[in-house]
Each structure stands twice: as structure tokens, then as C-alpha cells.
Amino acid sequence: MKKIIFTNIILILLISVSCKNKKETENNTKTIAVSEKQSDTSVKITPISHATAVISFDETIIYLDPTGGKDAFADFEKPTYVLITDTHGDHMNLSTLKELNLTETKIIAPKAVIDKISDLTAKEFITLNNGEEKSMSNFTIEAIPMYNLREEALKFHEKGRGNGYILSVNNERIYFSGDTEDIPEMRNLKNIDKAFVCMNLPYTMTVESAADAVLAFEPKQVFPYHYRGTEGLSDVDKFKRLVNEKNNSIKVIQWNWYPKK
């Protein structure tokens with residue numbers, strides 16, 4: 001009888017320990033899952049139109065060259081930052097900026113832009129000019145020159161006025177060209193993970209020039225953007241072909257920046 005009682009006690013203890021271990025394992029699994037979710041710091045980029053995009057990571061929301069009025073951003077949280085490349089209306093759109101709630105937003109732009117928007121209500125204006133770099137709380141931003149080279153196009157974008165940008169976020173370097181031609185400063189870029197490169201005439205550069213520049217600095221991925229000119233949309237299929245004929249390790253990703261309405 002004593003033997004049976006002793007055996008039952010042992011069984012109860014074993015079941016208790018097993019249940020405890022199972023519960024601890026379940027709790028640990030839940031902890032890992034939460035931890036993984038909290039550490040998901042990948043950068044999400046959403047095209048809006050032409051040169052306008054929303055960049056999000058961690059709890060940071062960046063509106064790049066916001067245009068289209070506040071309705072274009074109805075699906076997004078208020079911006080932590082607004083990033084503007086140039087003074088032209090397809091980049092610095094005053095009517096859109098006035099419609100947005102920027103009271104908790106820091107605006108980053110070159111001096112030529114800041115001078116034109118300083119009467120807006122914003123949390124802070126940060127001037128960043130060609131060649132300058134600034135560390136924010138969870139990313140770094142570099143201002144890359146953007147300008148024209150062709151004689152007939154010099155009137156559109158003079159050197160020193162506007163910025164392209166490199167955002168360094170969680171060990172990823174993302175380049176937005178702004179309005180430029182295949183300038184040396186672009187061709188000499190290093191270690192770019194994602195590159196958003198313009199190509200439209202007469203304002204920036206040809207598809208051929210854009211492809212040649214990309215082949216020079218070899219980003220891991222390249223996204224044609226800002227490709228609507230006076231004669232319609234540039235041939236982004238040709239751009240992809242020109243790049244991959246000479247370097248098929250560069251991934252050319254084509255987003256539709258101009259959806260039909």
C-alpha cells in the first residue's frame with residue numbers, strides 16, 4: 001500500500017514539473033515572438049506619385065517631397081519629418097504643405113527651400129546643404145548634390161540649390177537622387193542598398209545616362225522614379241534592359257508612380 005502511495009506521489013510530481021516546463025516554454029515562445037515583432041525595423045517605402053513617397057521605420061514617418069494635398073496622405077500617420085529636395089512645385093508644394101498638420105514635424109531641406117517655407121507652422125526647420133550630414137535619433141541623412149550638366153538644361157537645376165539624399169537606417173543606405181543628371185557625385189556613391197533615380201527630359205537626364213550612372217555606382221537595387229517629362233513617361237523597360245545587359249546583379253524594380261485614374 002505504501003509503495004502504491006509513494007508511486008502516485010512521484011507521478012503527481014512528474015506531471016507538475018512537466019506542466020510547469022510546458023508553461024515556461026509557452027511563455028518563452030511568446031516573449032521571443034514579441035521581441036521579434038519589436039525588433040522589426042525594416043524600412044518601408046510607399047510611392048505616392050512622381051517624386052513623392054512615404055518612408056517609414058520604427059515609429060518614424062518621413063514624407064519625401066509631399067505633393068497631392070492632404071488626401072494623398074490619408075492612409076498615413078502624421079509625419080515625423082518632411083524631406084524636401086528642391087524649390088520646384090513637384091518637390092516643394094506649398095499648397096500641400098499648408099494642408100498638412102506639421103506642428104510636430106521637423107522639415108529638412110536645403111537653404112533655398114527653407115527660405116521659401118519658413119513661415120509655415122512646423123516643429124523645427126533643419127537646413128541641410130550639399131555635402132552636409134546630420135545624425136537624427138534613429139537615422140543619418142546626407143545631402144548629395146543634384147544639378148544639370150547639359151548646356152540646354154543648366155537653367156533647370158543649378159549646382160548647390162537642391163539636394164539628393166542618402167538615408168542610413170538600420171545599416172541600410174537608401175539614395176534619392178532628386179532632380180539631377182549623371183553627375184560625378186552620383187557616380188562615385190558607395191555601398192548603396194536602394195537607389196531611387198530620376199530620368200525625364202528635358203529636366204533631368206536620359207534613360208541612357210541614368211543607366212550609365214547606375215552601372216558606375218552599382219546599388220544593390222534601383223528604382224526608376226520621377227520619370228515623367230514633357231513628352232510623357234520615360235522608357236523604364238529600356239532602362240532595366242540597359243542596366244542588366246551589363247550587370248545583372250543589380251536588381252531593377254519598377255513601381256508604378258503614375259497610376260491611371
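**Figure 1. Overview of the predicted protein chain.** Residues are numbered from 1 along each chain as its sequence is written, and side-chain values use heavy atoms, with hydrogens and water left out. In this predicted model, local features need pLDDT of at least 70 and side-chain atom pairs count only at pLDDT 80 or more, whereas totals for chains, interfaces and linings use all residues. The mean pLDDT (the predictor's confidence in each residue, from 0 to 100) of the protein chain is 87, and 84% of its residues reach 70 or more. Residues 1-40 have a pLDDT below 50, and this stretch has zero contacts (heavy atoms within 4.5 Å) beyond near neighbours in sequence. The protein chain contains six helices and 15 strands; these are DSSP runs numbered from the N terminus, with helices (H or I) of at least four residues and strands (E) of at least two. Of its 261 residues, 46% count as buried, where buried means under 20% relative accessible area, exposed over 50% and partly exposed in between (1.4 Å probe, protein chains only).

**Figure 2. Salt bridge between Glu124 and Lys106.** The structure holds twelve salt bridges, each defined as a side-chain nitrogen of Lys or Arg within 4 Å of a carboxyl oxygen of Asp or Glu. In the pair shown, the closest N and O atoms of Glu124 and Lys106 are 3.7 Å apart. Glu124 lies in strand E6 (residues 124-127) and Lys106 in strand E5 (residues 106-109), so the pair, 18 residues apart, links distant parts of the chain. Glu124 is partly exposed at 33% relative accessibility, and Lys106 is also partly exposed, at 22%.

**Figure 3. Salt-bridge network of Arg150, Glu152 and Glu181.** Salt bridges link these three residues, Arg150, Glu152 and Glu181, in a network. Within it, the side chains of Arg150 and Glu152 meet at 3.3 Å, N to O. Arg150 has a relative accessible area of 22% and is therefore partly exposed, whereas Glu152 counts as exposed, at 53%.

**Figure 4. Salt bridge between Lys159 and Glu185.** The N to O distance between the side chains of Lys159 and Glu185 is 3.4 Å. This pair links distant parts of the chain, 26 residues apart: Lys159 is in the loop between strand E8 (140-146) and strand E9 (162-169), and Glu185 is in helix H4 (residues 184-187). Lys159 is exposed, with a relative accessible area of 54%, while Glu185 is partly exposed, at 23%.
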